[in-house]
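Could you walk me through this structure in plain words? I'm new to it and would like to know where to look.

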Amino acid sequence: MSLPIPDPSLPHLADVVPSVLAAMGVEGFEPRIDLQRDVAGACVLLIDGLGAELLDTYAADAPVMAGLRGRTLSVGFPATTAAGLAAVGTGYRSGEHGFVGYTFRLPQTGVINALRWRPHPWGADLRDTVPPEEVQPLPTTFERAESAGVAVSVISGAVFTGSGLTRALLRGGRYVGVHALGDLAAAVADTVNDRGFCYGYHSDLDTLGHLYGPGSAPWRMQLRQIDRLVESVVEALPPGGLLAVVADHGMVTVSEEETVDIEAHPGLLVGVQAIGGEARARHLYIEDGAQADVLAAWRAELGDRAWVLAREEAIAAGWFGERVSDAVLPRIGDVIAAARGSVALVRRTAEPVESSLVGHHGSLTFAEQTVPLLLAAG
């Protein structure tokens, strides 16, 4: 089975915000991606779940975005929201920012859900006992831009105000909590017209992809609404304004026939202390001395349905970027299983909601790994 290796020819999602800020002339940021110069105000708008392959397939439902289609970006491993937002918010890959999954283990804490900032699969809020700023201590791109004198806004759902994920990855600047497409578009337009910089976020496409599957009728209807959002922002761009639309990951529809319930296979649990990640990208935290046995058991059971690697192999293959810091190393599973094709590795008892979803992401397939970079100038 060939081992997937990140494509070095593709720019990374982590390169977008530094490049936009460099185009604005902000001190301390390098142009990792070549963009227009003399940008007076800019927005990086992230549409959760808008994979490059999906946009290309359903271009007729999103003519504005399809018309802006430019370069393709890689999101790195795992292809999931926590890691994608961390890449945007820090400018680093997962081996350095440390958000190595939807769920992952923290030493002295256990497995946490990075989106809810709670123990996984259930438990009380951890913000007081596990400060998000300590879990992700690197200065964010927004903090750095604000220190350089730029007016920075983070425009996202009002429900995410002060969340653990927001504090860890998106701190810096002014948080603008919005409720729908209308106030999101208006807040972005106001920021760019005031010659500031903003990061905007919209989550509903990902939600419908999970519930109904990417490419389903509800998903396509939502894509049409997002296309109108982008059109509204483009129409409001002032001279010198820049809009960069990106995404955090793509998505695939999983097959019930290809779904593996980990808890229904006792042999997969022998030697495993804890399980993190998600249905397409699993972290296995194992007992001392059990790595070889766990590797053998998972490889034998899954066969060509997943890439199953030891932590050291995945790091050497560059899955987590060129560098993995000492602080991040124990968050990565001793064994990693990345699903292939339409396979899902679920836990129906521990994760009933996640296990019921139709659309999933996280792994290393092209559909999950690549997202579009859409650019519009005023």
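Let's start with the second largest pocket, which holds about 470 Å³ of space. Of the 28 residues lining this pocket, P6, H12, R93, G321 and E322 are the closest to its centre. Keep in mind that you're looking at a predicted model. Two helices, α4 and α5, each give at least two residues to the lining of the second largest pocket, and α5 gives the most, with three. Sort that lining by class and you get 14 nonpolar, eight polar and six charged residues.

Helix α5 deserves a stop of its own. It runs over residues 94–97, and S94 is part of it. Is S94 buried or exposed? With a relative accessible area of 6%, S94 is buried, because anything under 20% counts that way. Its side chain reaches the backbone oxygen of F77 at 2.7 Å. Beyond the neighbours within four places in sequence, S94 is in contact with F77, P78, F99, V100, W319, F320 and V328.

R93, one of the residues closest to the centre of the second largest pocket, also turns up elsewhere: salt bridges link R93 into a network with D15, E30 and R32.

Now move over to the largest pocket, with about 820 Å³ of space. Its lining is made of 35 residues, and Y102, L115, R116, D206 and H210 lie nearest the centre. Quite a few elements take part here: α4 (81–90), α8 (164–169), β8 (197–202), α10 (204–212), β12, β16 and α14 each supply at least two lining residues. Which of them has the largest share? That's α10, with four residues. By class, the lining of the largest pocket has 15 nonpolar, twelve polar and eight charged residues.

Next, the charged pairs. Side chains of opposite charge can pair when their charged atoms come close. How many salt bridges does the structure hold? There are 22. One of them joins the side chains of R348 and E256, at 3.2 Å from N to O. This pair ties together distant parts of the chain, 92 residues apart: R348 sits in the loop between β16 (344–346) and α14 (352–355), while E256 sits in the loop between β10 (252–253) and β11 (259–261). How open are the two partners? R348 is partly exposed, at a relative accessible area of 35%, whereas E256 is exposed, at 54%.

Step back to R347 and you'll find a salt bridge with E263, where the closest N and O atoms are 3.9 Å apart. Here too, distant parts of the chain are linked: R347 is in the loop between β16 and α14, E263 is in the loop between β11 and β12 (272–278), and 84 residues separate them. R347 is buried, with a relative accessible area of 13%, but E263 counts as partly exposed, at 27%.

For a last stop, look at R305 and E301, whose side chains meet in a salt bridge at 3.9 Å, N to O.

Definitions and conventions: Residues numbered from 1 in each chain as written. Predicted model: local features only at pLDDT ≥ 70, side-chain atom pairs only at ≥ 80, totals over all residues. Heavy atoms only, no water. Salt bridge = Lys/Arg side-chain N within 4 Å of Asp/Glu carboxyl O. Buried < 20%, exposed > 50% of the residue type's maximum accessible area, 1.4 Å probe, protein only. Polar contact = N/O pair within 3.5 Å; in protein donor to acceptor, adjacent residues only side chain to side chain. Contact = heavy atoms within 4.5 Å. 1 Å grid on protein atoms, 1.4 Å probe; cavity = no way out; pocket = protein on both sides within 12 Å on 5 of 7 lines; lining within 4 Å. Points joined across faces, edges and corners; volume = space filled by probe spheres on them. Nonpolar A, V, L, I, M, F, W, Y, C, P; charged D, E, K, R; others polar.
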